[in-house]
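Here's a quick briefing to read with the model open beside you.

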Amino acid sequence: MNTPTHARAQKPQPELTRRRFIKAGTAAAALTAVSWNRILGANERVGIGVIGFGLVGRIHTRNFKARPDAQVVAVSEAYRPRMEAAGELVGGHVARYPDFRKLLEDKNVDAVVVATPDHWHALMSMMACAAGKDVYVEKPLTLFVREGRWMVEVARRHKRVVQVGTQQRSGRHYQRARELIRAGRIGTLVSVQVNYFRNVSPGFGRPPDRNPPSDLDYDMWLGPAPQRAYNPNRAIYHFRWFWDYSGGQMTNLGQHSLDVVHWITGVPGAQALISAGGRYFLDDNGEVPDTQDAIIEYPGFRAVCQWRECAAGVAATGMGGLEFHGTKGTLALGRDGFEVFADKKENPTNIVARIIGGHPVGGPQPVPEPEGQYWTEPAKDTSGNWREQYVEHARNFLDCVKTRKEPNSDLESGHQVATVCHLANISLRTERKIRWDAQKEQILEDTDAAKMLARPYRKPWDAELRALGMS
């Protein structure tokens, strides 16, 4: 029987305890996961604190609870029924904190999972780092661009491991697809297509503002976001339809998909972006687009993102689906697997000579050439499993907590990807093309758009930001 972390506190400890090991930071990096197990023994576990028990927070709670070298020791939720549900899932021993700051003070918590609404991700992660905790933070990483750089600076200052919840990087078939593209299997990358179409018409209604439920700490839920009257569509789950808390599908699914693009290609950021759209068709009180198109100019290639909440389409690649188009073929990649489609190798003259039955005299005419030639070899992998990707990502995080190595989805790259998503929304909201200096992290030649790189935090959370040395 495994003994809860806090119940073991009075037992004699080995010379190198779990917390002393973790808080040794980079000095402990020479120890591998194997040596960790040998030194500390099977009962030594990483104490996990989960903040936010929503749709994805529940997945993380289950996954970390199932790991033999981790134990969920604390949960925090602003909504009491979810706090109770988390307690039931984890077990009676788990500490429960309505105020996440108390969880950060808990000495049994070594690492924190931040699975709250988007507007809380950055500040909670920074406060956790300052409290000496490692962090697994869900995507989208940030609500606005400047938060990402603040997070990087705070995590580095406190020597914390931070894993971003873009779990595709831990998916084995994603890793194989990356190897193929980098090895030139589809030739030189020309463009990437990202789309997600669904139809949630007629929308989510227009409920009137009202008093918040008695079992929801709405002020805590709002946190650093602007003070607003409570509305059912502004809170549990539906927060993602409002600019105060989210960036719509551009930041929600966009961070997932574009993270794969950045990871495969190694780009540090975009050079320019243009995006258009709006909430045209859904009849509700939401704000973010139900229709959005973005063209992202990366060094050497382009990415096109299309999001639809009001039309399901006929050939969608699924959530997180991408198509990498190269000079030799296309690689279609999603959470279930990937496939390489080879381009046919033909004489260019024959391609144009056969258009609509062929040209009359004087136009291009067919020339003899061998049949069945292709620029590359096809390939197919159907081994993908979205559940396993979450599990492997949690496994990678725990390994990095122990070894102090950089996790698969590191904070710097997560910030770079989130930045592109935010810039696309800035383009949409200003109705202008945005030019970006990725090295200096500056919008070029547009002072009004540049003001949208940061937002103020509501009191008293602005003081927490200042206490972190950020503003």
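Searching the whole structure turns up 19 aromatic pairs (rings of Phe, Tyr and Trp, the last by its six-membered ring, with centres within 6.5 Å; planes under 30 degrees apart are stacked, over 60 edge-to-face, the rest tilted). Bear in mind that this is a predicted model, where local features need pLDDT of at least 70, side-chain atom pairs count only at pLDDT 80 or more, and totals for chains, interfaces and linings use all residues. Residues are numbered from 1 along each chain as its sequence is written, and side-chain values use heavy atoms, with hydrogens and water left out.

**Ring pairs**

- F144 and Y457 have ring centres 6.2 Å apart and planes at 65 degrees, so they make an edge-to-face pair.
- F144 sits in the loop between β5 (134-137) and α7 (145-157), and Y457 in the loop between α14 (447-450) and α15 (461-467), so this pair ties together parts 313 residues apart in sequence. (Helices, H or I with at least four residues, and strands, E with at least two, are DSSP runs numbered from the N terminus.)
- Both F144 and Y457 are buried (under 20% relative accessible area; exposed is over 50%, partly exposed in between, with a 1.4 Å probe and protein chains only).
- F204 and W241 are stacked, at 5.0 Å centre to centre with 15 degrees between the planes.
- W241 is buried at 3% relative accessibility, while F204 is partly exposed at 27%.
- Y218, W221, Y230, F239, F242 and Y245 are linked into a cluster by ring pairs.

**Charges over rings**

- R240 lies over the face of Y237, 4.4 Å from the ring centre (the cut-offs: NZ of Lys or CZ of Arg within 6 Å of the ring centre and within 35 degrees of the ring normal).
- K345 has its charged end over the ring of W375, 4.6 Å from the centre.

**The sheet**

- Six strands form an open sheet in the order β3-β2-β1-β4-β5-β6, with parallel pairing (strands pair if DSSP finds at least two bridges between them).
- β3 (95-97) and β6 (162-164) are at the edges with a single partner strand each, so one side of each has no neighbour in the sheet.
- Strand β2 (residues 70-76) runs parallel to β3, joined by three bridges; A74 has A95 in β3 as its bridge partner.

**Around L180**

- L180 belongs to helix α8 (residues 172-182).
- Apart from neighbours within four places in sequence, L180 contacts R185, F338 and V340 (heavy atoms within 4.5 Å).
- L180 and L331 are 151 residues apart in sequence but 9.1 Å apart in space, C-alpha to C-alpha.
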